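Please consult the sequence and the structure alongside it.

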Amino acid sequence: MSLTTVAGDLIFLLLLFSSGAVGIGFSLEDEKAQIDRFQQYLRIQTAHPNPDYAGAVSFLSSQARSIGLKILTLEFTPGKPLLLLSWAGTDPSLPSILLNSHLDSVPADSSHWIHPPFSAYRDSDGRIFARGAQDDKSIAIQYLEALRNLKGRGFSPLRSIHVSLVPDEEIGGADGNEKFVASQEFRMLNVGFVLDEGQASPTDEFRVFYADRLPWSLIVNAVGAPGHGSKMYDGSAAENLMECVEAIVRFRDSQFDLVKAGIRAGSEVISVNPVYLKAGTPTPTGFVMNVQPSEAEAGFDVRLPPTESIDVLRKRINEEWAPISRNMTYQLTQKGPSRDVTGRPLVTPTNASNPWWSVFKQAISASGGKLGKPEILSSTTDARFMRQMGIPTLGFSPMANTPVLLHDHNEFLKDTVFLNGIKVYENLISALSSFHSDVGV
Ligand SMILES: [Zn+2]
């Protein structure tokens, strides 16, 4: 082996390690360009209440053009564009792969940040600070960079690949993904499998989410005879409501104990958290202090894992929390459906019954990554709209060894983690889009 070959190998190894990536490393020039494009996207002000959707769509469209993707801008609500990018597969009759990311971000209070939230400042440790660095502008650029690399390598997908960049996820998605999945344009895509956003993982295992908890709201009303403040009597409205609150607190503790004991994850229990209490007879300066009110009301945010039955909870409310025998009524309101169009729970199976799951899992290990136990997400994302259509959808953002900073001050993503994520998506996208199924998916 000549000296020059050794030197060449050394340079290659250095590049490989400096990229933090698995498989073939990027050149330093490639890395710089990829990080630069990530920073450019992060600098677009996409926070509510006035996200710059036009700026984001224009930037992402120019990237898609440079990669050679087909570009379509949809607008289901004026001023709220949805960008749809496509790479046609060699067999467009097969169900396609959809990669989803939202364009918008939650607000950021710059007074709490060490670097301005839309500066995308990269410090000496490689941490890139920006609102959206984790949630979820990173995956949008990683999707695109992975597609750019695959195109550059001459890869040809069997199944069509689509990227949807959608508005309004952070405010419920009613004018974004909810309208998109109901549209003719979406139906035409014939989507077979979706990757959507996940969350950072403080360990070296990637996290993957197969369901969102379902949000409900519970309002309990108690009535009783009004009375003088001094009078002791049974069944006053406030007393009935307090008994209800006590019963809910006991239930809440029992669920919380399972989490504290490590038996269940926080997202695998039913949470019932008080959000308001309403009672009393108001005066211009406060409340009448010698009258026991005839009505009292409390509101609760209820989150239910899709594996739990709402009927069991309803029985508990009827019997223990708000029994009619204590003059109580309640409204339990679901904020979105709990079943998909075929009547199944909104859960993407992570077992042999879902052929996409094994393709996903194998692609992660092929990229050198480790996968944690599949989780239910505590909150909700746009993934629920796709699951509602009966389409298997996994929430996944390749951010291992990263503190969970979504919606937090000083949100950042390390450059090496970002670059490694591109490699992970290259593996995922090539495996998923090449998947030849004999079970008709
Ligand atoms: Zn998000």
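Q: What domains does the domain assignment give for the protein chain?
A: It gives domain 1 (3-212 + 345-434) and domain 2 (215-304 + 308-334), the bounds coming from an automatic or database domain assignment. The model is predicted, so local features need pLDDT of at least 70 and side-chain atom pairs count only at pLDDT 80 or more, while totals for chains, interfaces and linings use all residues. Residues are numbered from 1 along each chain as its sequence is written.

Q: How many residues of domain 1 and of domain 2 take part in the contact?
A: The C-alpha centres of domain 1 and domain 2 lie 41 Å apart. Their contact takes 5 residues from domain 1 and 5 residues from domain 2; two residues are in contact if their C-beta atoms, placed from the backbone, lie within 7 Å.

Q: Which residues does the UniProt annotation "binding site" cover?
A: According to the unreviewed UniProt entry, the annotation covers His102, Asp135 and Glu197. Although they are spread over 96 residues of sequence, the largest C-alpha distance is 8.6 Å, and they cluster in space. UniProt positions are given in the numbering used here, feature names are shortened, and annotations may be inferred rather than shown by experiment.

Q: Why is Asp135 called buried?
A: A residue is buried if 20 or more other C-beta atoms lie within 10 Å of its own, exposed if 12 or fewer, and partly exposed in between, with C-beta atoms placed from the backbone. Asp135 has 27 other C-beta atoms within 10 Å and therefore counts as buried. Asp135 lies in the loop between strand S5 (127-129) and helix H4 (137-152); helices (H or I, at least four residues) and strands (E, at least two) are DSSP runs, numbered from the N terminus. Leaving aside neighbours within four places in sequence, Asp135 is in contact with Glu197, Leu406 and His407.

Q: What makes Glu197 count as buried?
A: Glu197 has 23 C-beta neighbours inside 10 Å, so the term buried applies. Glu197 is placed in the loop between strand S7 (191-196) and strand S8 (205-206). Its contacts beyond four places in sequence include Ser101, Asp135 and Thr381.

Q: Why is Val223 called partly exposed?
A: Val223 has 19 other C-beta atoms within 10 Å, so it is classed as partly exposed. Val223 belongs to strand S10 (residues 214-223). Not counting residues up to four places away in sequence, it touches Ala237, Ser294, Glu295 and Asn327.

Q: How do you know that the span of H4 agrees with its number of residues?
A: The expected span of a helix is 1.5 Å times one less than its number of residues. For the 16 residues of H4 this should give 22 Å, and the end C-alpha atoms are 23 Å apart, so the span agrees. Of these 16 residues, 14 are buried, and H4 is therefore largely enclosed by the rest of the structure. Just after H4, Gly154 takes a positive phi of about 80°.

Q: Why do S4 and S21 stand at the edges?
A: The open sheet of 3 strands has the order S4-S5-S21, with antiparallel pairing. Strand S4 (121-122) and strand S21 (412-414) each have a single partner strand, so one side of each is left without a neighbour in the sheet.

Q: What makes S5 and S21 a pair?
A: Two strands pair if DSSP finds at least two bridges between them. S5 and S21 pair in the antiparallel sense over 3 bridges, and Arg127 stands opposite Lys414 in S21.
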